[in-house]
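Thank you all for coming.

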Amino acid sequence: MPDWSIKIVPSTTGEGAAFVPDLKGKNPGDPLECMVDDLVSWNNTTGDQHQPWPADDRYTALPNDQVLPRGGPNYLSDIIPANDSSRPSYDVAQPAAVPPAAAPAQWTVYYICALHPYVESERGTIIGNAY
């Protein structure tokens with residue numbers, strides 16, 4: 001179970017921030033690809049607070065009742081202070097099977113910054129893969 005980091009960096013447009021997988025050659029907005037049960041954290045390198053929050057494929061925040069409690073399978077992070085790291089780490093969870101279909105072999109977790117939901121650069125994706 002590897003650990004992955006996504007950097008929160010100032011946006012190149014000068015408005016808000018951007019999410020960048022902390023891997024060589026990755027750019028703002030690129031997805032982080034990982035496996036089920038990998039751990040993901042966010043490293044906020046900006047002077048503002050941020051909070052990764054799950055969203056649908058149109059980047060509309062999921063409601064609290066689909067995300068909470070803290071530590072649940074959809075909970076990504078608490079509010080991340082400026083120049084700090086996220087807590088807790090996100091454990092990449094495979095979506096449950098919905099009969100008659102099996103659990104997906106690959107899925108996408110869309111997320112936004114809950115504190116800046118309308119800033120388009122503050123959107124990201126995690127692509128999860130089953131074993």
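Predicted model: local features only at pLDDT ≥ 70, side-chain atom pairs only at ≥ 80, totals over all residues.

The largest pocket holds about 190 Å³ of space, where a pocket is an open set of points on a 1 Å grid over the protein atoms alone at which a 1.4 Å probe fits, with protein on both sides within 12 Å along at least five of seven lines. The volume is the space filled by probe spheres set on those points, which are joined across faces, edges and corners. Of the 14 residues that line this pocket, those closest to its centre are Pro-54, Asn-74, Tyr-90, Thr-108 and Val-109, and a lining residue is one with an atom within 4 Å of a point. Two elements, strand 5 (52-55) and strand 7 (106-113), each give two or more residues to the lining, and strand 7 provides the largest share, four residues. Strands here are DSSP runs of E, at least two residues long, numbered from the N terminus.

Residues are numbered from 1 along each chain as its sequence is written, and side-chain values use heavy atoms, with hydrogens and water left out.

Turning to the sheet, four strands form an open sheet in the order 2-1-4-6, with mixed pairing, and two strands pair if DSSP finds at least two bridges between them. Strand 2 (17-21) and strand 6 (90-91) are at the edges with a single partner strand each, so one side of each has no neighbour in the sheet. Strand 1 (residues 3-10) and strand 4 (residues 39-44) run parallel and are joined by six bridges; Ile-6, for instance, has Trp-42 in strand 4 as its bridge partner.

How many salt bridges are there? The count is two, taking a side-chain nitrogen of Lys or Arg within 4 Å of a carboxyl oxygen of Asp or Glu. Asp-78 meets Arg-70 at 2.8 Å, N to O, and Asp-84 pairs with Arg-87, with the closest N and O atoms 3.6 Å apart.

Finally, Tyr-131 lies in the segment after strand 8 (123-129). Leaving aside neighbours within four places in sequence, Tyr-131 is in contact (heavy atoms within 4.5 Å) with Met-35, Val-36 and Asp-37.
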